[in-house]
Amino acid sequence: QVQLKESGGGLVQPGGSLRLSCVASGNIRSILTMGWYRPAPGNQPELVATITSGGDTNYADSVKGRFTISRDNAKNTVYLQMNSLKPEDTAVYYCMMNVMTWGSATFKAYWGQGTQVTVSS
């Protein structure tokens, strides 16, 4: 099995910065896309940012120019650098990875438990 563990959330003032990390562990053969999501109205996951195994990135319009996603393949880790934070960025942030495990021929999405980010003065 595969486990994802996020860290780096917390309370920050508007305009501040936080760096989230998410590390995957377990029976991992390969990881394709890594990403960060947060709940949207209706509790559906809203894409914040994703990064492919080749390094291509995609961002929600609301975070472009403020957030940067990156990955360290050797460490099975994805990061989200969040700058110029706004109160509306307050949410639980979840990481997701598309993982192929040893003994499998397909990729499956795994999710972390989430880390709380609160932006408030």
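In this predicted model, four strands make up an open sheet, in the order β1-β3-β8-β7, and their pairing is antiparallel. Which strands stand at the edges? They are β1 and β7; each has a single partner strand, so one side of each is left without a neighbour in the sheet. Averaged over the sheet and ignoring direction, neighbouring strands are turned by 15° against each other.

Let us follow the pairing from strand to strand. Between β1 and β3 there are 6 bridges, in the antiparallel sense; within this pair, L4 has A24 of β3 as its bridge partner. Strand β3 is in turn joined to β8, again running antiparallel, by 6 bridges.

As a general remark, nonpolar side chains tend to be buried together in soluble globular proteins. Here the largest nonpolar core holds 31 residues, and the members that touch the most others are W36, V78, L80, M82, Y93 and M97. Two or more residues each are given to this core by β1, β3, β4, β5, β7, β8, β9 and β11. Which of these elements gives the largest share? It is β9, with 5 residues.

V78 deserves a moment of attention. Setting aside neighbours within four places in sequence, V78 is in contact with a list of residues that includes L20, C22, M34, W36, I51, I69, C95 and M97. The list for V78 also includes S21, S70 and R71.

Is R38 buried or exposed? Its relative accessibility is 6%, under the 20% limit, and therefore R38 counts as buried. Leaving out residues up to four places away in sequence, R38 touches, among others, Q44, P45, V48, V63, F67, A91 and V92.

The side chain of R38 takes part in two polar contacts that I wish to point out. One is with the side chain of S62, at 3.3 Å; another is with the side chain of Y93, at 2.7 Å. Y93 is also one of the core residues that touch the most other members.

Side chains of opposite charge can pair when their charged atoms come close. The whole structure contains 4 salt bridges. In one of them E46 pairs with R38, with the closest N and O atoms 2.9 Å apart. E46 is partly exposed, at 29% relative accessibility. R38 also meets D89 in a salt bridge, at 3.3 Å from N to O. This pair links distant parts of the chain: D89 sits in the loop between β8 and β9, R38 sits in strand β4, and 51 residues separate them. D89 has a relative accessibility of 1% and so counts as buried. What network do these residues belong to? Salt bridges link R38, E46, R66 and D89 in a network.

Finally, D61 and K64 form a salt bridge through their side chains, at 3.1 Å from N to O. D61 is exposed, at 65% relative accessibility, whereas K64 is partly exposed, at 49%.

Thank you for your attention; I am glad to take questions.

How values were computed. Residues numbered from 1 in each chain as written. Predicted model: local features only at pLDDT ≥ 70, side-chain atom pairs only at ≥ 80, totals over all residues. Heavy atoms only, no water. Core = buried A, V, L, I, M, F, W, Y, C linked by side-chain atoms within 4.5 Å. Buried < 20%, exposed > 50% of the residue type's maximum accessible area, 1.4 Å probe, protein only. Contact = heavy atoms within 4.5 Å. Pairing = 2+ DSSP bridges. Polar contact = N/O pair within 3.5 Å; in protein donor to acceptor, adjacent residues only side chain to side chain. Axes fitted to C-alpha atoms, helices over the stretch in contact; angles between N-to-C directions.
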